[in-house]
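Hello,

Here is the structure I promised to pass on. My notes follow below it.

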Amino acid sequence: MEARWRDIDFLLQRPGKLVSDGFEPGPELREFLRDFKILVIGAGGLGCEMLKDLALSGFGNIDVIDMDTIDVSNLNRQFLFRMHDVGKPKAQVAAEKIMQRIKGVTVTPHYGRIEDKDIEFYREFQLIVLGLDSLEARSYINSIACSFLEYNEDGELDMSTIKPMVDGGTEGFKGHARVILPGFTPCFHCTLWLFPPQVTYPLCTLAETPRSPAHCIEYVHLIQWGQDREGESFNPDNPEHMTWMYEQALKRAEQFNISGVTYSLTQGVVKNIIPAIASTNAIVSAICSLEALKLATMCSKGLDNYMMYSGTQGVYTHTVSYEKDSSCMVCSPGVPVEVDGSITLQEFIDMLLLDARFKDKLSKPSVSFQGTNLYMQAPPVLEEMTRPNLQSSLLSLMGSKGVLNVNDRKLAGVLRVQVAFRNVATPMAV
Amino acid sequence: MAHANGGSGDEQKKAAAAAATRSNKYDRQLRIWGEHGQGALEQASVCLLNCGATGSEALKNLVLGGIGNVTAVDGGLVHESDLGNNFLLSAENLGQPRAKSMAALLQEMNDSVLIDHIDASPESLLDSDPGFFARFTLVIATQMRDRSLVILDEVCRRFSVMLLVARSYGLTGYVRISLREHAVIESKPDNTVSDLRLHRPWPELTTFVEEFNLETEDSLVHKHIPFAIILLKVCEEWRSKHGGALPSTTKERSEFKSLVASKKQAQDEDNYKEAVAAASKVWSPPSLSSEVKAILEDGAADVDSSSSDFWILVAALKRFVASEGGGEFPLDGAIPDMHSFTEYYILLQRCYQAKAESDVSAVEAHVRSILSQLGRDPDSISRAAIKHFCKNSRNLRVLRYRSLAEELGLKEVGAKLQKYLPFEGDNTNYAIYLMFRAVDRFAEEFGRFPGAMADETVEEDAAKVGAIAHKLAGEIGLDGGVSEELVYEFCRFGGGEIHCVGAVVGGIASQEAIKLVTKQFTPTAGTLIYNAISSTTTIFQL
């Protein structure tokens, strides 16, 4: 028994009574963890903590992706970075530091955007842990993970295609940790309502009747910049740009007798700064990493499936089992679409483009059915080959029931559409 | 001050640059607790007992946040097993003192923090030099057992040092503050309800409202009257028709809302929409929380010359409420945004701020008078402090904690624990509380934690600690006891410190420490149990 892992081996090598199904304690489990391919998305406040937590839980093969470079304002919590690291890519420095301090773990950094990675890159990982700070990024990864799901004709999920994710988020003293087993627990899209909408101000308030310092700042940010510095793209990390923004906002506020515009507030409003501290990040990341350990090894019962945390008034947590949306556009076996029995493939595609549910999500959809391409928009060779299908009836192409896979440049993953035909005679065996 | 040479100019530049770096570095947290909070952190002196995973994590978060100075105390040497759960200890530290080794990497994380270490066990310090603890603002005691904690608690109370106990044990955790009294002015509740006093406008507000005419033919003006003014005017109208009373029955309230809506002249008048939506503020003004009411009634509010500034302020507040306030607290002065012309809004805002200011003056007079009566310097509490207090008066909090000795000896703990949970289950968190007590008793008897030896001993130890837990349950009047599965799991844990659990417990401990030191937000009023199996927490007020 390796003395180093003594404490965690109590969990991994001993049978337990409050464990998950399929738990097989033994020394092989730690070896399994060592090779387990896990991806951490983000090497910032949550990411740094997650890398440490996962490495100190026995994960030996960790990839980390982050598109940012290190900034001074990161140093109050992103403990892997020092003053002399400012300007360097977060993923690279984080990977180096973890490997320096924790022997035996391999951390492979990827400096770049998550969108620039091929879908096959994500398929390789057995588990994805998210330390992100935006809805869009979470949405993107969620779509990718859910696109790996394979359902059979009866809408039953092939469990081996589940790509588990653990997602953490923090803001000041608050945060959440959740386990997403696509197709099983709600995916990110199923519970989009959990995220409150962004604060926006009516235009007339900004332009004519400002009342708060934020109104003055947003006016300069959204209206005045475009007028006074036409053509120039506003860069919040450019001190000259930010100073101009602040000074103009202050002038405007003075005009209206509004007090309270400061440089700090200007930055906060314009950059949508989220206050952040080490402790909340540490707590949420550790909860997430522990769940990753449990998912990989079954060594204890798992979080089912969402835990929120608040540390402002005492400590308050709430753990709830949310249910997935059975007609979720991203993770369900298929979004129901009803069509007439006589519809052609072309007409079907036109209908999809007009469907309010898919508004802004489709531009040039390609359609396939159980692995067969019905119509491909690209490449040109495939397009030409499948073009004749457009005039065929959809019914003849797919039979009387089934799920179509719709792909589109605008979609990160795949859109599954469950087709129901009306005005069709009793279906005959095909 | 004359600058005779370029040298001091350079120094000034350096100082300015350092200050800019500091505010940049702490920007994301300054937005939460402000410069005054950061200042409190930088003045604080923290002692950490035991540098295992839990302690290291707690300290790491405080060091990153810029705590003033820390002293790490640990009597052990770095073992192989530390490398598997502690980020702050690495292979080159093997065999060296733990406290000293941890201090080195910790310093790298923030060179503004003064870091010291004592290579001795907390128990030996308690024994040989309890006065050592007197110099600290806060002691964070990790991975210590009940017997030593009781002694430590008594020492800390003797020297008025705050104590924070944090333990992680396998997949469970425990956090508990212990001190006599902690008063919070800036509790910063998540949801603040603005105090518009629509039900009780003061004379200056009434005069201001008279300038406005809801029947005005100027449509631009009409749709830019702030909703508070609309409601105040409609209140006046209502009162004149109802013998001075405000709407009280459901029917009347509905009629009142219709009356407000009837003042609308055009469809796009957002201010009238806001007024209808806010109408309930007229009959449901923000009420005082039970916590604040209890503070006013607290015995400590009967001040004497040894009373703290906080209680002097509470005594003054009481006098204000009974006289100038006419039953009301000092006005906060903040108003929510309202659809309105800038000018109207600013003037309305000034009206509220002026009233708030005048309430502060009234409270100030009481403060000075009370201080004089007590034979203390009447100017010893500044107006700024009084104003700060008044602004936050609706959200005051006072926390008091029973001593650990008292809690351990309490026969009614069982009944208190059971109150919390209406159901039985494998992971009920009160059972975890009991198990923490039980494993400490086991350790007293057998010199180790259950399951800490070879795997084969788990079953045997489970039987022994299960019997201890059962006996303990009987002593504290807890029906039902602990489930067999949970007892078994506690033995399975072998008393080990799992990094992730240490990070959660240490993280919570560091957050509680920040709240205690900055005196902002509300610390946890009780014993927190963290259950990493079910991913839940429960706070027991014992």
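Accessible areas come from the Shrake-Rupley method with a 1.4 Å probe; for residues, only the protein chains shown count as cover.

First, the ground rules. This is a predicted model, where local features need pLDDT of at least 70, side-chain atom pairs count only at pLDDT 80 or more, and totals for chains, interfaces and linings use all residues. Residues are numbered from 1 along each chain as its sequence is written, chains are lettered from A and ligands numbered from 1 in the order in which they are written, and side-chain values use heavy atoms, with hydrogens and water left out.

Chain B

The C-alpha atoms fill a box of roughly 90 × 75 × 55 Å along the principal axes. Chain B has 23 helices and ten strands. These are DSSP runs numbered from the N terminus: helices are H or I with at least four residues, strands are E with at least two. Of the 542 residues in chain B, 55% are buried (under 20% relative accessible area; exposed is over 50%, partly exposed in between; 1.4 Å probe, protein chains only). Among contacts (heavy atoms within 4.5 Å) with a separation of 6 or more, 70% join residues 24 or more positions apart.

The domain assignment, with bounds from an automatic or database source, gives four entries for chain B: domain 1 (2–181 + 500–540), domain 2 (203–283), domain 3 (290–399) and domain 4 (404–495). The C-alpha centres of domains 3 and 4 of chain B lie 47 Å apart.

Chain A

Chain A spans about 75 × 70 × 45 Å along the principal axes of its C-alpha trace. Its secondary structure comes to 14 helices and 13 strands. Buried residues make up 54% of its 430 residues. Chain A exposes about 18,800 Å², with 51% from carbon and sulfur atoms.

Cores

A nonpolar core here is a set of buried Ala, Val, Leu, Ile, Met, Phe, Trp, Tyr and Cys residues joined through side-chain atoms within 4.5 Å. The largest has 170 residues. Those touching the most other members are Phe59(A), Ile62(A), Phe87(B), Phe133(B), Val139(B), Leu152(B) and Met435(B). This core draws at least three residues from each of domain 1 and domain 4 of chain B. A second, separate core of 55 residues includes Ile41(A), Leu132(A), Met398(A) and Leu415(A).

Ile62(A) deserves a look. Residues up to four places away aside, Ile62(A) touches a set including Ile38(A), Leu51(A), Val105(A) and Val107(A).

Two local spots

Helix α10 of chain A covers residues 263–270. Its buried residues are Thr266(A), Gln267(A), Gly268(A) and Val270(A). Their cover includes α8 (213–228) and α9 (239–255) of chain A, together with α2 (27–43) of chain B. Just after α10(A), Asn272(A) takes a positive phi of about 50°.

Ala532(B) is in the loop between β9 (527–531) and β10 (536–540) of chain B. Is Ala532(B) buried or exposed? Ala532(B) counts as buried because its relative accessibility is 1%. Beyond neighbours within four places in sequence, Ala532(B) is in contact with Leu290(A), Lys294(A), Leu171(B) and Val501(B). Lys391(B) is 141 residues from Ala532(B) in sequence and 40 Å away, C-alpha to C-alpha.

Best wishes
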